[in-house]
Amino acid sequence: MMFQFILIAFMGVPALSLYFYFIRNFNFWKNLGVPYVKPLPLFGNLKECVLQRFYIGEHLEKIYVKHSDKAYVRICSLDNPSLLVRDPELLKNFLVKDFQNFMDCQICTDEKTNPLWSSTIFVMKGQLWREVRTSFRPLFLTGKMKTMFYLVDVCGNEMAACLEKATVEGNFYQGENTA
């Protein structure tokens with residue numbers, strides 16, 4: 001009898017510890033009164049993505065559409081509290097006015113194994129990100145954007161014409177022959 005108790009305690013305590021570790025952040029937004037999607041231990045709200053049933057973009061779009069009546073909704077990325085913002089004005093505040101509070105993203109990458117991705121602005125952090133953002137700022141002024149929109153429109157029309165011509169002539173890539 002004592003052996004069974006010790007065995008249950010020996011296996012139960014680590015299991016309970018892991019459970020409480022994975023749910024430790026689940027009440028972060030709930031305690032602040034933020035609407036939320038109920039998360040699952042270990043997976044958070046990304047179970048479908050972790051099990052590779054959906055891409056993360058598809059899954060987040062489902063949550064986005066399902067909660068269309070709310071300005072924002074709380075989700076958990078595994079065990080990290082995150083916020084899915086739907087309101088354009090609120091998003092503008094995050095991305096422009098209050099950006100200094102949200103500059104480091106959660107995406108991590110190793111420069112040695114993936115030097116191209118690690119040098120993009122999407123995964124940079126800290127002072128390096130700040131310097132790159134400052135150098136990009138002049139590109140997004142209103143006058144520059146109008147000029148770039150025209151160029152994007154011209155290039156898009158040229159690409160559409162090339163694709164149309166290739167489709168009519170039958171000169172388009174169809175993948176490998178499986179015959």
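1. Helices (H or I, at least four residues) and strands (E, at least two) are DSSP runs, numbered from the N terminus. By that convention the protein chain holds 7 helices and 2 strands, in the order α-α-α-β-β-α-α-α-α from the N terminus on. The radius of gyration of the protein chain is 24 Å, well over the 16 Å given by the globule rule for 179 residues, so the chain is more spread out than a compact globule. That radius is taken over C-alpha atoms, and the globule rule is 2.2 Å times the number of residues to the power 0.38.

2. The model is a predicted one, in which local features need pLDDT of at least 70 and side-chain atom pairs count only at pLDDT 80 or more, while totals for chains, interfaces and linings use all residues. Residues are numbered from 1 along each chain as its sequence is written, and side-chain values use heavy atoms, with hydrogens and water left out.

3. Along the principal axes, the C-alpha atoms of the protein chain fill a box of roughly 80 × 55 × 40 Å. Of the 179 residues, 18% are buried (under 20% relative accessible area; exposed is over 50% and partly exposed lies in between, with a 1.4 Å probe and protein chains only). The accessible surface amounts to about 14,600 Å², and carbon and sulfur atoms contribute 64% of that area; the areas come from the Shrake-Rupley method with a 1.4 Å probe, and for residues only the protein chains shown count as cover.

4. Among contacts (heavy atoms within 4.5 Å) with a separation of 6 or more in the protein chain, 38% are between residues 24 or more positions apart.

5. Strand β1 (residues 72-77) pairs with strand β2 (residues 80-85) in the antiparallel sense over 6 bridges; pairing requires that DSSP find at least two bridges between two strands. Within this arrangement, I75 stands opposite S82 in β2. The hairpin has 2 residues between the strands, and L78 takes a positive phi near 60° there.

6. Y72 lies in β1 and counts as partly exposed because its relative accessibility is 30%. Leaving aside residues up to four places away in sequence, Y72 touches V34, P35, L83, L84, V85, R86 and L90. F20 is 52 residues from Y72 along the chain, and the C-alpha atoms of the two are separated by 26 Å.
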